[in-house]
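This report describes the fold of a single chain, first as a whole and then through selected elements. Please consult the sequence and the model shown here while reading.

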Amino acid sequence: MSHESSPVIRLSDYKPTPYAIDKVDLDFNLTAKETLVAATLAISPRDGTFGEPLVLDGDELTLVRVAIDGRELSQDEYEATPDHLTVKVPPNGAFRLEMTTRLDPAANTKLMGLYRSSGTWCTQCEAEGFRRITYYYDRPDVLSVFTVKITAPKSEAPVLLSNGNPVSVGDLGDGRHFAIWHDPWPKPSYLFALVAGALAAFEDEFTTMSGRKVMLAVYVEKGNAPKAAYAMDSLKRSMKWDEEVFGREYDLDVFNVVAVSDFNMGAMENKGLNVFNDKYVLADPEIATDADYAGIEAVIAHEYFHNWTGDRITCRDWFQLCLKEGLTVFRDQEFSSDMRSRAVKRISDVRLLRSQQFPEDGGPLAHPVRPEQYKEINNFYTATVYEKGAEVIRMLKTLIGDDAFARGMDLYFTRHDGEAATIEQFIACFAEASGRDLEPFMVWYREAGTPIVTVEESWDEASGRFTLTLTQETPATPGQQTKKPRVIPVRFGLVGPDGGDMHPSSIAGAEVNGGTLVLTQPLHTVTFEGLSSRPVPSLFRGFSAPVKVRQALSSADLIFLLANDADSFNRWQAGTTLAMTALVKATQQVRAGQVPTFETAPIDALGALIDDSSLDAAFKALLLAVPSENDVAREVAENVDPDAVANAHKAYRRTIADRLGVRLKSIVEADQTAAGQPYVPDAAGSGRRALANTALDLLSVTGSSDAMDLVRRRFETATNMTDRLAALTVLVHRGDAGAEAALAAFFERFGTVPLVVDKWLSAQASAPLPDTLDRVMALTEHPAFSFGNPNRVRALVGAFATSNPTQFGRADGKGFGFVAGVISRLDAANPQLAARLLVTFRSWRSYEPKRRTLAEAALRSIQTKPQLSRDVADILERTLA
Ligand code: TRP
Ligand code: ZN
């Protein structure tokens with residue numbers, strides 16, 4: 001059966017369940033062969049329920065036994081299929097439903113429900129994995145108190161964990177033992193977790209603001225315990241920060257984190273038992289890059305913060321996913337900003353939003369931050385729900401101010417604690433706290449698409465009046481042809497000739513609150529009076545709204561902002577706009593058969609910034625980082641020829657390298673001197689390395705033997721993974737004569753560390769070379785690669801599809817064909833992973849006609865497979881629509 005005809009689930013159809021589940025007892029009997037799960041549910045009818053059948057969800061389940069109040073049901077009293085258990089006429093009043101199901105965790109390759117990862121039994125239940133364990137109301141608005149007993153062989157599973165607090169343990173004397181856990185906080189099934197395995201613990205403790213002691217542990221595979229130190233440190237800092245900034249205290253006696261090697265996503269916030277992809281736990285300077293450390297800090301914080309925004313207050317239904325995800329991303333962004341550099345964090349977050357969310361919002365998979373329908377909820381864990389969801393909360397804070405925002409959060413925590421809430425309830429707290437009508441703001445949740453704000457200016461010297469005309473328009477998205485105007489906060493400054501902000505005597509034409517203009521209409525004409533000279537407008541400071549801005553600032557204005565703007569984000573933005581303009585023009589020149597040409601003034605302005613000792617290295621690294629080829633392709637938007645983009649990109653980088661070469665070289669040398677010091681993965685150290693490695697990459701574009709010698713030397717003398725991997729990547733990407741030897745040496749040293757093998761795979765998969773596809777295909781046969789492990793697949797095939805525009809987008813279509821083949825092959829075993837890979841095709845309509853035809857053919861080839869998963873069928877259907 002194909003899933004193209006899967007039913008559509010709609011927000012407007014929401015109805016509470018007829019029965020409540022007041023208590024759950026789960027008894028897991030884990031053996032090498034099979035697992036028996038005995039579930040006992042205390043069920044009661046909700047008000048207004050009279051004898052309705054009880055219909056519980058299942059997924060690929062096998063029922064062994066079912067009884068009510070101790071009496072086994074006869075065949076005609078119930079119906080059990082893999083997907084459902086129906087009790088036709090439940091008792092009136094409360095009753096106890098007992099069920100036993102039989103599972104085969106070792107055969108569970110979907111990594112949803114109960115499965116085995118390197119021998120460890122573990123679960124993943126969000127969004128709908130609990131129904132693969134037992135029949136249940138597997139939806140977030142059914143909250144219950146869980147008690148869990150786990151029995152397992154001692155040798156294979158000395159460690160037995162579940163949610164909540166440990167109650168007791170016991171030895172059965174036959175080589176088996178058990179543990180009982182009780183979670184006092186009512187929770188939905190998606191937050192259930194169980195882990196059983198031979199794991200080592202990295203332990204610590206934390207004393208909460210009210211003086212309660214919490215035992216902390218990070219569980220990892222034996223031998224890896226020291227690599228959990230940074231995760232533990234991040235956890236303690238997260239706990240402290242949530243107390244200080246949001247007033248949120250932890251609420252159990254223990255908090256456990258487990259790292260597993262087979263995991264579909266980043267991590268999961270199960271109550272008191274977070275389960276992680278080991279990529280977001282394991283680190284030491286030998287194996288982890290600065291980016292890995294930052295990722296661990298952010299994801300540990302994210303999952304911990306879910307304890308309040310997700311677990312204590314959960315979602316009424318999956319349409320409200322952004323209620324916990326957008327808010328928790330906002331919280332983890334704020335945490336990382338406080339731990340590191342706020343400006344650098346903001347720029348990285350905006351780069352991520354533009355590279356992931358903007359193409360989603362502008363393509364066939366566009367959907368509102370709070371969608372109103374879906375076929376497969378797994379496909380809605382998207383950049384729109386997460387990253388744009390966080391931006392919407394950031395705008396809300398800008399709009400109502402920090403104090404009202406803080407009061408609104410407090411109100412939300414007190415009012416909805418213990419509930420499954422909606423976006424409307426969340427927003428109502430801020431409307432109440434601020435006294436502002438937030439109904440117009442709701443458009444951000446209800447409508448998809450990235451608004452385009454067009455800015456025109458005029459200056460009247462005689463009257464000292466500066467006028468900005470701001471118009472907004474949101475392009476149509478699938479299923480939403482017309483769009484309402486949005487509330488758009490524009491943080492702004494008018495930069496005067498001395499580089500400082502000017503202060504107009506009056507502003508008219510839009511609401512102004514503090515340094516923010518609030519747009520609410522399709523068009524605003526905003527006048528600023530009493531100015532002594534024409535200001536350079538600096539708009540959307542700090543990226544105050546997730547919009548695209550069309551504003552024809554001259555190169556001179558942009559260079560001026562790059563040098564002077566009081567807002568760091570807009571300094572970077574000015575530099576990026578200059579670079580992007582140059583790259584788009586160069587791409588057009590290449591396509592017209594011309595040699596690309598570049599203005600030198602913007603490049604010299606960058607040079608001046610490199611010399612500015614008041615700027616930190618991480619910020620300079622971002623200023624020097626050229627927008628990616630994918631960024632340029634997005635800006636070009638139609639008839640994209642990735643080879644033309646790549647040639648223009650290379651020519652531009654070469655121009656920078658030629659003009660700033662001396663400076664770039666001295667940056668690398670300065671870093672070499674500092675590299676003797678011990679490695680610290682903090683903002684200062686990682687900034688210095690980022691700057692040096694950006695400079696190294698630029699220098700290498702010249703291909704000069706000098707530059708390549710420098711790269712080879714850095715590879716050989718690197719004292720940490722950040723520098724080693726950066727140098728390796730440059731050697732491989734330039735097709736350097738030393739690349740093969742470097743790859744071999746790297747594998748020789750790290751071939752047994754899977755997370756480092758991933759870096760080795762990605763460096764090769766992203767090389768912009770004609771033989772890369774052959775190499776990637778060969779690597780799928782390498783003993784260190786496995787289609788069964790999501791991290792390996794993403795590192796090789798995912799990196800090829802997302803980070804190698806010229807080879808994925810080969811003119812002969814073989815890149816598309818290869819990735820399509822992998823998707824077809826993976827679909828039955830792991831539909832979530834297959835569907836995520838498929839998303840890499842979302843911008844296929846932007847290609848020039850030849851590639852567009854080839855990409856479409858590759859997509860259609862997936863469609864011909866007979867038994868497509870709902871996940872892949874849904875993405876395919878929308879992508880081709
Ligand atoms: N809720 C998790 C988070 O954002 C992510 C998540 C959702 C997930 N579904 C999953 C993780 C499936 C693993 C598998 O923190
Ligand atoms: Zn989350």
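## Burial and overall form

A residue is called buried when its relative accessible area is under 20%. By that criterion, 58% of the 881 residues of the chain are buried. The model under discussion is a predicted one.

The chain is built from 26 helices and 33 strands. Its radius of gyration is 28 Å, close to the 29 Å that the globule rule gives for 881 residues, so the chain is as compact as a globular protein of that length. Along the principal axes, the C-alpha atoms fill a box of roughly 90 × 65 × 60 Å.

## Contacts, surface and charge

Contacts between residues at least 6 apart in sequence were also examined: 71% of them join residues at least 24 apart.

The chain exposes about 33000 Å², and carbon and sulfur atoms supply 52% of that area. Its charged side chains comprise 93 positive and 116 negative ones. The centres of these two sets lie 2 Å apart.

## Helix 10

Helix 10 covers residues 568-591. At 1.5 Å a residue, its 24 residues should span 34 Å, and the end C-alpha atoms are 35 Å apart, which agrees with that expectation.

Is helix 10 mostly covered or mostly uncovered? It is mostly covered, since 17 of the 24 residues of helix 10 are buried. After helix 10 comes G593, which has a positive phi, near 75°.

## E391 in helix 5

E391 belongs to helix 5, which runs over residues 383-400. The relative accessibility of E391 is 2%, and the cut-off for burial is under 20%, so E391 counts as buried.

Which residues does E391 touch, leaving aside those up to four places away in sequence? They are R346, L353, F543 and P546.

## L160 in strand 13

L160 is part of strand 13, formed by residues 159-162. With a relative accessibility of 8%, L160 also counts as buried.

Leaving aside residues up to four places away in sequence, L160 touches I150, A152, H177, F178, A179, W181, V195 and A196. A further pair concerns L160 and A42, which are 118 residues apart in sequence. From C-alpha to C-alpha, L160 and A42 are 25 Å apart in space.

Note on methods:
Residues numbered from 1 in each chain as written. Chains lettered and ligands numbered in written order. Predicted model: local features only at pLDDT ≥ 70, side-chain atom pairs only at ≥ 80, totals over all residues. Heavy atoms only, no water. Helix = DSSP H or I, 4+ residues; strand = E, 2+ residues; numbered from the N terminus. Rg over C-alpha atoms; globule rule 2.2 N^0.38 Å. Buried < 20%, exposed > 50% of the residue type's maximum accessible area, 1.4 Å probe, protein only. Contact = heavy atoms within 4.5 Å. Areas by Shrake-Rupley, 256 points an atom, 1.4 Å probe, with all protein chains shown as cover. Lys, Arg positive; Asp, Glu negative; His and termini not counted. Charge placed at Lys NZ, Arg CZ, Asp CG, Glu CD. Expected span 1.5 Å × (residues − 1).
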